[in-house]
Amino acid sequence: MIPDTLSQSQFDTVYNFLSLVIAAQLFTAVFLLISLPRILPRYRQAITVAIVVCGIATYHYFRIFDSFKEAFVSESVGGTGTYSQAEGAAFNEGYRYVDWLLTVPLLLVELVAVLALARKVQSRLLVRLVPAAALMIALGYPGEISDDNGVRGLFGILSTIPFAYILFVLFVQLSKSLENQPANVRGTLGNLRYLLLLSWGVYPIAYLLPLLDIAGADAWVGKQVGYSIADIVAKAVYALIIFQVARIKSFDDDA
Amino acid sequence: MIPDTLSQSQFDTVYNFLSLVIAAQLFTAVFLLISLPRILPRYRQAITVAIVVCGIATYHYFRIFDSFKEAFVSESVGGTGTYSQAEGAAFNEGYRYVDWLLTVPLLLVELVAVLALARKVQSRLLVRLVPAAALMIALGYPGEISDDNGVRGLFGILSTIPFAYILFVLFVQLSKSLENQPANVRGTLGNLRYLLLLSWGVYPIAYLLPLLDIAGADAWVGKQVGYSIADIVAKAVYALIIFQVARIKSFDDDA
Amino acid sequence: MIPDTLSQSQFDTVYNFLSLVIAAQLFTAVFLLISLPRILPRYRQAITVAIVVCGIATYHYFRIFDSFKEAFVSESVGGTGTYSQAEGAAFNEGYRYVDWLLTVPLLLVELVAVLALARKVQSRLLVRLVPAAALMIALGYPGEISDDNGVRGLFGILSTIPFAYILFVLFVQLSKSLENQPANVRGTLGNLRYLLLLSWGVYPIAYLLPLLDIAGADAWVGKQVGYSIADIVAKAVYALIIFQVARIKSFDDDA
Amino acid sequence: MIPDTLSQSQFDTVYNFLSLVIAAQLFTAVFLLISLPRILPRYRQAITVAIVVCGIATYHYFRIFDSFKEAFVSESVGGTGTYSQAEGAAFNEGYRYVDWLLTVPLLLVELVAVLALARKVQSRLLVRLVPAAALMIALGYPGEISDDNGVRGLFGILSTIPFAYILFVLFVQLSKSLENQPANVRGTLGNLRYLLLLSWGVYPIAYLLPLLDIAGADAWVGKQVGYSIADIVAKAVYALIIFQVARIKSFDDDA
Amino acid sequence: MIPDTLSQSQFDTVYNFLSLVIAAQLFTAVFLLISLPRILPRYRQAITVAIVVCGIATYHYFRIFDSFKEAFVSESVGGTGTYSQAEGAAFNEGYRYVDWLLTVPLLLVELVAVLALARKVQSRLLVRLVPAAALMIALGYPGEISDDNGVRGLFGILSTIPFAYILFVLFVQLSKSLENQPANVRGTLGNLRYLLLLSWGVYPIAYLLPLLDIAGADAWVGKQVGYSIADIVAKAVYALIIFQVARIKSFDDDA
Ligand SMILES: CC1=C(/C=C/C(C)=C/C=C/C(C)=C/C=O)C(C)(C)CCC1
Ligand SMILES: CC1=C(/C=C/C(C)=C/C=C/C(C)=C/C=O)C(C)(C)CCC1
Ligand SMILES: CC1=C(/C=C/C(C)=C/C=C/C(C)=C/C=O)C(C)(C)CCC1
Ligand SMILES: CC1=C(/C=C/C(C)=C/C=C/C(C)=C/C=O)C(C)(C)CCC1
Ligand SMILES: CC1=C(/C=C/C(C)=C/C=C/C(C)=C/C=O)C(C)(C)CCC1
Ligand code: NA
Ligand code: NA
Ligand code: NA
Ligand code: NA
Ligand code: NA
Ligand code: NA
Ligand code: NA
Ligand code: NA
Ligand code: NA
Ligand code: NA
């Protein structure tokens, strides 16, 4: 899947997007950390989880960035011309799955935590969402590393089952809880699920590309850019919206 | 645009200015972070954004610095003599646009936040300024990376439209809000817009240089120095003035 | 014991698991550190020790990761193919024992601290558990570095004596203290000991492998993966459960 | 000015002194940061500036240290024997001027801030001291990088004018303010100016060396050691005395 | 003194002990930093100094570790076999003296600070102990770097004079102050002096080795291990005991 060569502008595009993700995730975490005391204790669990999620993403993107830099090299003066795969260094896509395994369940914890539901309701949601999320990622992995389209297809379908279940819980079961949320955040929280749907949807689509015989350097660069944007939306933008919700609820509760 | 060779003193000048920016941005962020508790909660959002802006700039200048160090090499003993472009390493100007995409909208958020306006007024300003700022940077990028002066000129003009709009909002629409600010910061806030105008103006001018056929190592070194100074003024000095305003308003509100 | 060569997928598996442990330990520490103020002062000692344990593990896994990366190299383009041991670089297993020497006694301190027992009872437990834990690790080391199965067996048995003693103290003597714990954490604390037993049990089993003539690259990779999972359970998951206990007790005491 | 070769003991002396400065500046900053809450808010501005000054110095000494390590190399086994200038790497003295440009004005801000004068008096002192300090450093730079003793002498004299003015303000104008300080810090504050005079005096003297035809490896090593000690006194020791003053005043105000 | 070659197990022993010291010092500092708010303000000065001491030691051990890793190299596959001194890299023992110059006086400040004596009594102790400690280290240095056993002996004796004086002040003059300490820490504080005596004694003994004609790789490895253990006891263990004293006194004062 990894292309043998990249043009300089392809190389630069991936390079700059990976760096953009580092900056976005790192400084979202920093912003939330500094802002934490301005949130009521009741909502700090949600924001703490958001900080951890953006922190984990920062860590993995530092590794992905370094891996990319080592994996493609040019020999021409001024780094112009073609970049080809280096000797002894692989671009490690596996980092993404390691990241998802940790952060995807936490993204759901983040959402549930900001609702500040009764302890029982919260547990009931988490025991469904968290294992489903972990399962979804774990089932996708064998397909991702396989060269066989059959295997890829099979595990893609298996992984889609927990994915569908998560969406079901979010859109059907969670709706009841949303009704008990303060009026001025209900809309935001409802929309947040669509943002989640939209950004999470990028990952199974990217997974499909090889099945659709879409390959080559351009497709690969597109996939990296797509992942980068989806990761910023699904983690950093998502965290900032959750922060906004927590702020508004903090004001309300205080009054 | 990147010169093939730099004299040692040209190399040293760029090198030392890039390092100066790192120190200035990093320690402005540190200063603001330590000083945050001495500001009333109402103004902490502004200062938190300022810390994030200087932090993001620090991150990018570390990358720019390392990129510069790798991109130009000398082979003479003691690093004297000419520095030429290295094999396999490019000086990455793209970092600047990534930085601007994140920080330029935030600089406007910072300014609006320190005014502590009514929530409605604040929203109205931000939904205009933030997208315009992002658009301005995004439209400049295709021109920046193009070798064709026509393309550069076209996108420069397109990018100037949101730029003009930002200035319009700042100088016409914001004026009304300024009148409601306490007397002892009104002057400072008014002047801050001129400092903004002055420092932001550097970037479109630097963008024009190739159109004016100004090129060569000296022009390039001048551009790097100009960027460095403009970045310190537009982020660090700007942040310190906003901090000063927040301090004075904190005292007033407290009394 | 260290295999001469690893296939690319063996290399990647170890690589990604080591990185997973770094992320898990580091961000468990970060999470606990941010959450510390939401715990009553009485239980902060336990959480502080948990932070230190995960911090020490992070430090050692960074070293282990770098050591692994240096120790196995591939020469083929794109890092595909076989990875063989590098010249002049050894994969250092010794880090694990250094880590255990510091963290294993602290894991017991963590458990005792969250019980918030009377000072006397606490001391009585710690003067037994801490030296036993240190002794257990110290006695295992000479067997680990020996190539002689007799030596390995002997020190394995010697090390098992303090291990058995620790389990005796935890399961027999600690039971009495558990009865005085609030009802809603008693179950969790009881189960925590089984989680401890289960995860700690991995280490002596891994120690046995050479005695059972189980060797080769696959066994070695399995051992690294086993260590990684056991370390996450024994430190990070364990810490999060202790945090949960401390949270519940903080609520109860507050009420 | 930079010697072609250094003996091993000359190399080690510079090396260890540079590292000493890093440790001294970094941990003075850490000490002050941890101790900040024990100071009354009124004096925290002074200590915050002190932290920033020691932080900036730490940053620059890390760079100077790395630059030195790269610039001189030995080829003999065990690093014994002569160290000569490396190919393609220069020892960058320019960092010092960048450091001074930022820190020397801040050192004066630090002193004025701990006096906690009326806002007007404070402004009057700062608008004199800060620009004079920046001018002093800026005027010294062209002389420092020139190979021509005439140029060096000329800019040395120009730079001495603001230097003399700073001393005049400190010793004549500041005296009046000192009289209003609490009795138990008046002596310390008076002496602090002599410590300042003594440590700052090192820099113009070092600047004179080439004019006095004092050159060679020994003189150069002496200069580096002199700078190192002066930097520790002028920043770290100075900061600790200012901290002591702030502590005593905090006690007094509190009583 | 530095051996030409080390066996792999000698190399690994030094390597792992140096890393152990890093982990021990760093996480003692982290533990104390997190625990600081649980100490009464009156005793925070002592703990802050302890943090700084362990921090400085961490810094120096990172440097010593890196220096060791660069200084000894093996060329065999898997890093087995003999390690010999590298070309162009020296193992820098000088770091130890730089470390002691800063930390040994601070260790005495730490002890005096936890006693929370009257300001006068405290000053009287510090003006004796601190300069004596600095003198002791400074006088030892010329002997350490000399190849001449006569010089080594002479400076060893000179350095022993302030050492004896420190012990005199600690064991004779400090005793009176100990009587005024609360009963439940008096014993611990008394014993702490013996721990100090025991750990500090390691350094002059290691200094004697060359005079006793004890040399070779084994003696050298033993010295590094001895230094490592002594450093952990004299700084980290010592700090934890001082923390324990401060905790008990905080409880007492609070009651
Ligand atoms: C359904 C499905 C998948 C879903 C992946 C998802 C939903 C990933 C979400 C990642 C996020 C949210 C990352 C945030 O940064 C896989 C595993 C690709 C395999 C194919 C089927
Ligand atoms: C109008 C215009 C531009 C404006 C750039 C600006 C205004 C950048 C501001 C950057 C700042 C404030 C950075 C702070 O560090 C471009 C994109 C060069 C393209 C040409 C037209
Ligand atoms: C009984 C026994 C052993 C026990 C090791 C244990 C119990 C290690 C626990 C490590 C933990 C908990 C690490 C956490 O990250 C050894 C030394 C292998 C030697 C063989 C006998
Ligand atoms: C008068 C004079 C100079 C003064 C330099 C000074 C006073 C520097 C102070 C630096 C400090 C205080 C650094 C702290 O770390 C120069 C520029 C050498 C040029 C020659 C004339
Ligand atoms: C008496 C004497 C010495 C004493 C050294 C000491 C007492 C060092 C203490 C170091 C500590 C406490 C380090 C902590 O990490 C020297 C200088 C070796 C020289 C020979 C005579
Ligand atoms: Na590359
Ligand atoms: Na991701
Ligand atoms: Na270079
Ligand atoms: Na910029
Ligand atoms: Na490798
Ligand atoms: Na471990
Ligand atoms: Na060198
Ligand atoms: Na300096
Ligand atoms: Na080595
Ligand atoms: Na030491």
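**Notebook: chain contacts, sodium sites and core**

I began with chain B and chain A, which bury about 2,100 Å² between them, with 62% of that on carbon and sulfur atoms; buried area here is the accessible area, taken with a 1.4 Å probe, that two parts lose on being put together, summed over both. I note that this is a predicted model, in which local features need pLDDT of at least 70 and side-chain atom pairs count only at pLDDT 80 or more, while totals for chains, interfaces and linings use all residues. Residues are numbered from 1 along each chain as its sequence is written, chains are lettered from A and ligands numbered from 1 in the order in which they are written, and side-chain values use heavy atoms, with hydrogens and water left out.

**Entry 1: chains B and A**

I looked up the residues in this contact (heavy atoms within 4.5 Å) and found 28 from chain B and 26 from chain A. The count of salt bridges between chain B and chain A is 1, a salt bridge being a side-chain nitrogen of Lys or Arg within 4 Å of a carboxyl oxygen of Asp or Glu. That salt bridge joins the side chains of Glu70(B) and Lys69(A), at 3.9 Å from N to O.

I then superposed the copies, which is done by least squares on the C-alpha atoms of residues with pLDDT of at least 70 in both. Chain B is laid on chain A with an RMSD of 0.0 Å by a turn of 72 degrees and a shift of 0.0 Å along the axis. The two copies are therefore related as by a five-fold rotation axis.

**Entry 2: chains E and C**

I went on to chain E, of which 25 residues are in contact with 28 residues of chain C. The area buried between chain E and chain C is about 2,100 Å², and carbon and sulfur atoms give 63% of it. Phe27(E), Ile34(E) and Arg38(E) supply 27% of what chain E buries against chain C, more than any other three residues. I find 1 salt bridge counted between chain E and chain C, and Glu70(C) forms a salt bridge with Lys69(E), where the closest N and O atoms are 3.9 Å apart.

**Entry 3: sodium ions**

For metal sites, donors are N, O and S atoms within 2.8 Å of the metal (3.2 Å for Na, K and Ca), and water is not among the atoms, so sites may look incomplete. I list the sodium ion (ligand 6) as coordinated by Lys69(A) (O) and Phe72(A) (O), at 2.1 to 2.3 Å. For burial I use under 20% relative accessible area as buried, over 50% as exposed and anything in between as partly exposed (1.4 Å probe, protein chains only). Lys69(A) is partly exposed at 34% relative accessibility, whereas Phe72(A) is buried at 2%.

In chain B, the sodium ion (ligand 8) has Lys69(B) (O) and Phe72(B) (O) as protein donors, 2.1 to 2.3 Å from it. The sodium ion (ligand 9) has Asp99(B) (OD), Trp100(B) (NE1), Asp231(B) (OD) and Lys235(B) (NZ), lying 2.4 to 3.2 Å away. Among these, Trp100(B) in helix H3 (residues 94-115) and Lys235(B) in helix H7 (residues 216-254) link distant parts of chain B, 135 residues apart; helices are DSSP runs (H or I, at least four residues), numbered from the N terminus. I record Trp100(B) as buried at 8% relative accessibility and Lys235(B) as buried at 3%.

I define a nonpolar core as buried Ala, Val, Leu, Ile, Met, Phe, Trp, Tyr and Cys residues joined through side-chain atoms within 4.5 Å. The largest such core has 446 residues, and those with the most contacts inside it are Phe68(A), Phe68(B), Phe68(C), Phe68(D) and Phe68(E). Not counting residues up to four places away in sequence, Phe68(D) touches residues including Leu6(D), Phe91(D) and Trp220(D).

Lastly I looked at Val98(A), which is in helix H3 (residues 94-115) of chain A and is buried at 10% relative accessibility. Leaving aside neighbours within four places in sequence, Val98(A) is in contact with His60(A), Asn16(C) and Leu20(C).

Definitions and conventions: Helix = DSSP H or I, 4+ residues; strand = E, 2+ residues; numbered from the N terminus.
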